[in-house]
Amino acid sequence: MECREIREIISAYVDGEASPEEARRAEEHFGRCPECRAAEKRMRALGVAVVRAEGAVPSDFRENLFARMEKEDLLPKRRSIFAFSLRWAAIPLAAAAALALFVLSSRDVPRDLSSTAMRPPGVSGPAGELSPEDREIVAYLDILEDPDMLDETEIEEMEIFAPSPEQRG
Amino acid sequence: MRTDAELMALYQKGSRDAFEELFARHHRRVIHFCYRMTGDQARAEEAAQEVFLRIARAASTYQPTARFTTWMYTITRRTTLNFLRDEKEPGEKVPIDTTGEGYDATEGISLPGRGDWDPEQVAWEAQLKDKLLEALQKLPEVNRAAFVLNRGEGLSYEEVATVLGVTVQAVKSRIFRARETLLAELSGLVE
């Protein structure tokens, strides 16, 4: 095969796009044609030169582009950190509020001791009088209003008092 | 890691992060392609900005069945083509100037190691880059695009054919012709 005819195959061979048959023909040709072998090397060197011919990436390229995009309303605005925090803070805040409501509603039970049916089990004494346990609970009501009154050891010793369904009526 | 197509789908739904990720992945390739196609740094930057604006504007038309990079390079090639046509207007021609302020002559050249520093080698590579960019501009646009997409951007012949809207055989032929012309232009520099 004439060199003129096989050069296009060599070009595809250099790009890894020659068929197996074309690759075999090119390699056979290289064995007997130093000129085409040299041409193949020049083609490969040219490919490397193109890869190295890169443009510069300006440091403000991204900033300029995104400013233009925001102007055209093509880029969604980033949510503020404040709004994001509020959204996620809502979960623990809601949980804390629910717990506080539950605790406070539980504390309502011993306040009305006019009926013995409302009295916690094991609590004796005449109606209208508070047992030592009740007094302790009442004392903690102040703490609920001002949690700073507690220190760490007291928090560890605290128990959650939950009335039974019978007590709730 | 999300694919480009997945990121495009997320951007279509309003995700800013998705577009930022796409930009981070591809902006260098777009700038380099525009630079090789126009031979001018300022024009390349301007064209590359326009490419991403067009991608954003056309996001709703993107179909995940098409490979994102192929779609992106189709837009990029059309954009540079418009810029090149604009350049042909009288008085609009922007010369290739790689000595201007802000231009980094070492950009894209793999520098030698500390012990192998060779100013002659660096100067030679810079000269080769200038000559190559000049020679590229002399090629017919479609031959230049085929060669740059394949050798510069790493697209297969089939992908190049999709971007250019021609057959694979036509791509093979155009790349060969581009190579022959470039090697003749760079005779003595590329051995």
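Modeller: Two residues are in contact if their C-beta atoms, placed from the backbone, lie within 7 Å. Keep that in mind as we look around this predicted model.

Biologist: Okay, helix α1 of chain B, then. Which residues of α1(B) are buried?

Modeller: Leu7(B), Met8(B) and Tyr11(B), out of a helix that spans residues 4-12. A residue counts as buried if 20 or more other C-beta atoms lie within 10 Å of its own, and these three are the buried residues of α1(B).

Biologist: How do you know where on the helix they sit? What do they line?

Modeller: Look down the axis of α1(B): the buried residues fall within an arc of 100 degrees, so they line one face of the helix.

Biologist: And what covers the buried residues of α1(B)?

Modeller: The cover includes α2 (16-38) and α4 (68-87), both of chain B.

Biologist: What follows α1(B)?

Modeller: Gly14(B) does, and its phi is positive, near 105 degrees.

Biologist: What makes up the secondary structure of chain B?

Modeller: Chain B has 8 helices and 0 strands, and its elements read α-α-α-α-α-α-α-α from the N terminus on. Chain A also comes to 8 helices and 0 strands.

Biologist: How much of each chain is called buried?

Modeller: In chain B, 37% of the 191 residues are buried. In chain A, with 169 residues, the figure is 15%. Those residues have that label because each has at least 20 other C-beta atoms within 10 Å of its own.

Biologist: What share of the contacts in chain B joins residues at least 24 apart?

Modeller: 62%, counting contacts between residues at least 6 apart in sequence. For chain A, residues 24 or more positions apart account for 46% of the contacts with a separation of 6 or more.

Biologist: How many residues do the two chains bring into contact with each other?

Modeller: 31 residues of chain A are in contact with 44 residues of chain B. On the side of chain A that touches chain B, α1 (3-14), α3 (34-52) and α4 (61-71) each supply at least two residues. The largest share, 9 residues, comes from α3(A). By type, that side of chain A divides into 17 nonpolar, 4 polar and 10 charged residues.

Biologist: What is the predictor's confidence in chain A?

Modeller: On a scale from 0 to 100, chain A averages a pLDDT of 76, and 57% of the residues score at least 70. Over residues 112-117 of chain A, pLDDT stays under 50, and the model has 8 contacts beyond four places in sequence for them.

Conventions
Residues are numbered from 1 along each chain as its sequence is written. Chains are lettered from A and ligands numbered from 1 in the order in which they are written. This is a predicted model: local features need pLDDT of at least 70, side-chain atom pairs count only at pLDDT 80 or more; totals for chains, interfaces and linings use all residues. A residue is buried if 20 or more other C-beta atoms lie within 10 Å of its own, exposed if 12 or fewer, and partly exposed in between; C-beta atoms are placed from the backbone. Helices (H or I, at least four residues) and strands (E, at least two) are DSSP runs, numbered from the N terminus. The arc is that of the directions from the helix axis to the C-beta atoms. Ala, Val, Leu, Ile, Met, Phe, Trp, Tyr, Cys and Pro count as nonpolar, Asp, Glu, Lys and Arg as charged, and the others, Gly among them, as polar.
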